Amino acid sequence: METVRQARRLAAVDRRAAALGLQPGQKLTDARARVPGLAVAPAEPEADAEALEALVDWCVRYSPAVAADPPDGLFLDVTGVAHLWGGEAGLMADLRARLFANGLPFRLALADTAGAAWALARHGRDGVIAAPEAQAALLAPLPPAALRLEPEATAQIERLGLRRLGQLMDIPRAPLGRRFGAHTLMRLDQALGRAPEALAFRRPPTPWMARLAFFEPVSAPEDMARVTDDVVAELCRRLEAEGRGARRFALAFHRVDGRTLPLEAGLSLAGRDSARIARLFHPRLETVDPGFGVEAVTLCAYEVEALQPRQARIHAGEAPSAEDGLASFVDRLANRLGADRVWRAAPVESHIPEKAVTRIAAIGAETAATPWDARTPRPVRLFRRPEPLEHVYALLPDDPPRRFRWRGRVHDVRRAEGPERIGEDWWLRDIGDVSPTRIRDYYRVEDQDGARFWLFRAGLYADADAPPKWWMHGVFG
Amino acid sequence: MSPARAPRIAALAARIARIEGGVRSDVGGLAFGVLEIDACLPGGGLPLGRWHEVAADGMETELSAAPVLFAALAASPLARRGEAVWVFRRDDLWAPGLSGLGFPAERLVQVWARDEAEVLGVMEDALATPGVSVVFGEAGTVDLTAGRRLQLACERRGTTGFVLDRRPFGGEAKRLGPGTASATRWRVASAPSAKPAEGVGLGAPRLAVTLERCRGGRPGAWILEAACAYGGGPGFYREASDDAHPLRLVAPLGDRELATAGRRAA
C-alpha cells in the first residue's frame, strides 16, 4: 500500500490477491470493499531499492555488466559470457534455479536489445529467448505498455485502437513520430535494435575479470586463501600476456545463500605480481564469513594500464630495486590501515600555515608547487587546532607576550621574535566578509627552560572590551 | 699503553662486542663530527643498523618536540641516502618545520598508526623494507621483546631506527625493567638559546642531550646547537653531504648534577 496524492493505493499485490482480482494502482478502499479481509502493509521503496541493489550485486556472478532498472527490474548484459553456462538457455536455467531457490518471484527474457528483453519479460512468455535479429516477431503481439512509455502515452495509443505493437510497427515512421512523439519512436527503435540504448551499469564493466566456480562450496580458511591465490594468478596471467598491470582489484566471494562478500585492494603502482596482490588480500580473508560455503569467486581489475615488462633478476634472491620494496611496503600499509593513513607531505603555495601542507600518495605522486622556504622558522609540530593561552601578559599593541599559561603551566618568555603577520586569504571570501582586522600575528618565543613555541594573537587591539585572544599553534623543540 | 698492545686490545674489544650483542660490525657508524660525542660511541659514531631510543621529560613526553629536533638532525644525513619513514599515533608532525632543519621532508613517508602495537609493527615492516634508510617511530617505552624484534628487523637490511618515547595522549609511563635492546638511549630537552648576533630574537635552537646508555660506549652529556637550522650557519647553503653533520657542540655538560638539573627544569 502506498499513498499517492492523498489516496491510499495498492503498490503491489501478491499472487493470491491477484487471483482475487486486485491489481496495483487500485484504491485501498475499493480493494477493501472487494476483499474485506485484505491484509495490507505500507510500501517500503527504500528497502525495495536496497534489495534490488543486492540482487544486482549478486548478478555479477553471471556477467560484470549489470544495470539496475528501478523499481523492480535489472538488465544483465550476457554478451560473450553465455558460453560459460553452455549457451543462453543454460545460463537462463541456472539463473532460474538460483532465483527460485532464493524464493524470489521473477520473470526472465533474453533478447538482442534491452528494450525487447524488458517487453518480453513483463508482457511476453516467461523465460523466452529471442533469437538474434528475431525480436520483432515476438514483440508484435505485445500491448503498447511493453514499450516503457509513460502511462499517459500508453493510454493514448490504446485509445486509438492500437492494441498490439505489431500495429504500431506497421505505421510509417513519419506519421507515427508526429502523432505519438519522438519518445515513442525512440523506444520502439530501441526495442527493435535500430537505435542504441545506454544502460547505467552498476559499475563500469571491466574486461579484466577472472572467475572460479567450485563443485563443492569452500569455507575452510586455507581453502579461501588458496582460491584467492588461484583467481589472482589467473587474472595476473592474462594481464601479463597483454603487457598490462592494474592498480585496483576487487575480489568477491559468492556465497551459497546468494550473498556477495566484496574485498578491495589497491596498489600504488600498477602491478600484476600475483603473489604480491594475493598477499594484500590474505590478512583480510578472516573478515569474510563464508557461512555455509562459497561457491564462486570473482576478481575484477580496475585502472588497468600498460606496464613495461621488466626483466626478472638473474639472482632471484637478490634485493629488488628500492622503488619496488617501498611500493609494496606502502601497499601493505594502505590496505591494512587504510589509504588515508599513509602519505607524503607536499607543499601547497599558501601562506596560511594549516593550508601549506597537503598529503599526497606516498608513491608515484608528483607535486609542482615550490617547496617551503626553509629560512622562515616553522615548528616541527603543528596542532591541528590551535590551543588557547590563558593569563597572557603582553604589552600593547603588538609586543610578544611576557608570560602566559598553557596546559596548566606558566611560561616566562625569555626571548621572542615577531610578529610575523599572516592575513587571511581574503580573495577567497565575500567582499562583505573581508576585514583588515582578521589577521594573526605570530611570535616565536622561548621560555625560561629553552622550550620554543609558536603562538599567535588573533586580531588587533581595537576594542578595549574584547581584547584579542592568544593561541598556541605549534612547538619548535 | 704500548703501541704493540693496541691491536690486541682492539681485537679483544671486538670479541666482547660479538659476545655481547651479536652485532653486525659491517654497517658502521654515523659520526656526529663532534669528537667528544663520537669518542663515547662505539665505532666512533652513532651505530647504524641498530635502533636508538630518544626519551624526554615533563611536558615533552606529550609534545615530543625536542626529541623530533634531535632525531631529525641526527638522522638527516641518513635520510638523504634513501627513503625515511615516520610512524606516529598523533598526526601533528609538520613537514615545513622538518625541512627548515635541513631534513629532506620530501623523502619522508608518514604513517598514522592506530595504537602503539601498530606503531611497532609498522616500524618493523619499514625497517625490513629495501630502500628505506631510516625509520622513526613515536611509541611509548619499548619492552625487551618488542625491542629485540626491532633489532632483528634492523639487522636484515642495516636500517637504522629511532624510537621517540612519546605518550601523545598523556597517561602513565609503563614501568619496565632496566633491560632494553636499543643500542643507545638519549634523553633530550630544549636548552635556552644564545643571544643572536643581531641582538634581537632567538638564537639557533639548542638541545641539552644526555647519552644515558650506550652499548659498548660511555655515557655523557652535552649541549648541542643546530647552527644550520632555518638558514643560519655556514653549512646550510653548501651541498649537504655526509661529512657535514648539522649538530654542533656548544658545551660539554661534564657535571652530571647540572645535566640532571637541566632535565628537571625541562
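Which residue stands opposite Val342(A) in strand 5 of chain B? The residue is Val111(B).

This is a predicted model, in which local features need pLDDT of at least 70 and side-chain atom pairs count only at pLDDT 80 or more, while totals for chains, interfaces and linings use all residues. Residues are numbered from 1 along each chain as its sequence is written, and chains are lettered from A and ligands numbered from 1 in the order in which they are written.

Chain B holds 8 helices and 11 strands; helices (H or I, at least four residues) and strands (E, at least two) are DSSP runs, numbered from the N terminus. Of its 266 residues, 48% count as buried. A residue is buried if 20 or more other C-beta atoms lie within 10 Å of its own, exposed if 12 or fewer, and partly exposed in between, with C-beta atoms placed from the backbone. Among the contacts in chain B with a separation of 6 or more, 70% come from residues 24 or more positions apart. Two residues are in contact if their C-beta atoms, placed from the backbone, lie within 7 Å.

The contact between the chains takes 43 residues from chain B and 46 residues from chain A. On the side of chain B that touches chain A, two or more residues each come from helix 4 (66-79), helix 5 (95-100), strand 5 (108-112), helix 6 (116-127) and strand 8 (184-191) of chain B. Helix 5 of chain B gives the most, with 6 residues. By class, this side of chain B has 28 nonpolar, 11 polar and 4 charged residues. Ala, Val, Leu, Ile, Met, Phe, Trp, Tyr, Cys and Pro count as nonpolar, Asp, Glu, Lys and Arg as charged, and the others, Gly among them, as polar.

Strand pairing also links the chains: strand 11 (residues 342-347) of chain A and strand 5 of chain B run antiparallel and are joined by 3 bridges. Two strands pair if DSSP finds at least two bridges between them.

Pro192(B) lies in the loop between strand 8 and strand 9 (206-214) of chain B. Pro192(B) is buried because 21 other C-beta atoms are within 10 Å. Leaving aside neighbours within four places in sequence, Pro192(B) is in contact with Arg414(A), Glu446(A), Gly450(A) and Arg206(B). Pro192(B) and Leu202(B) are 10 residues apart in sequence, and their C-alpha atoms are 9.2 Å apart in space.

**Sheets of chain A**

An open, antiparallel sheet of 4 strands in chain A has the order 7-10-8-9. Strand 7 (209-218) and strand 9 (260-271) of chain A are its edge strands, each pairing on one side only. The twist from one strand to the next averages 15 degrees. Within this part of chain A, His254(A) stands opposite Thr260(A) in strand 9.

Another open sheet in chain A, of 7 strands with antiparallel pairing, has the order 13-19-18-17-16-15-14. Its edge strands are strand 13 (381-388) and strand 14 of chain A. Neighbouring strands of this sheet are turned by 30 degrees against each other on average, direction ignored. Strand 14 and strand 15 of chain A form a hairpin with 6 residues between them.

| Strands of chain A | Bridges | Opposite residues |
|---|---|---|
| Strand 8 (residues 244-255) and strand 9 | 8 bridges | His254(A) and Thr260(A) |
| Strand 13 and strand 19 (residues 469-475) | 4 bridges | Glu387(A) and Met472(A) |

**Helices 11 and 12 of chain A**

Helix 11 of chain A lies across strand 7, strand 8 and strand 10 (294-306) of chain A, running at about 155 degrees to strand 7. Helix 12 of chain A lies across strand 8 and strand 9 of chain A, at about 135 degrees to strand 9. Axes are lines fitted to C-alpha atoms, for helices over the stretch in contact, and angles run from 0 to 180 degrees between N-to-C directions.

The axes of helix 11 (residues 221-241) and helix 12 (residues 274-281) of chain A come within 9 Å and cross at roughly 140 degrees. Helix 11 and helix 12 of chain A are therefore oblique to each other; angles under 35 degrees count as roughly parallel, over 145 as roughly antiparallel, 65 to 115 as roughly perpendicular and the rest as oblique. Their contact includes Thr228(A) and Val232(A) of helix 11 and Ile277(A) and Phe281(A) of helix 12 of chain A. By class, the contact has 6 nonpolar, 2 polar and 1 charged residues.
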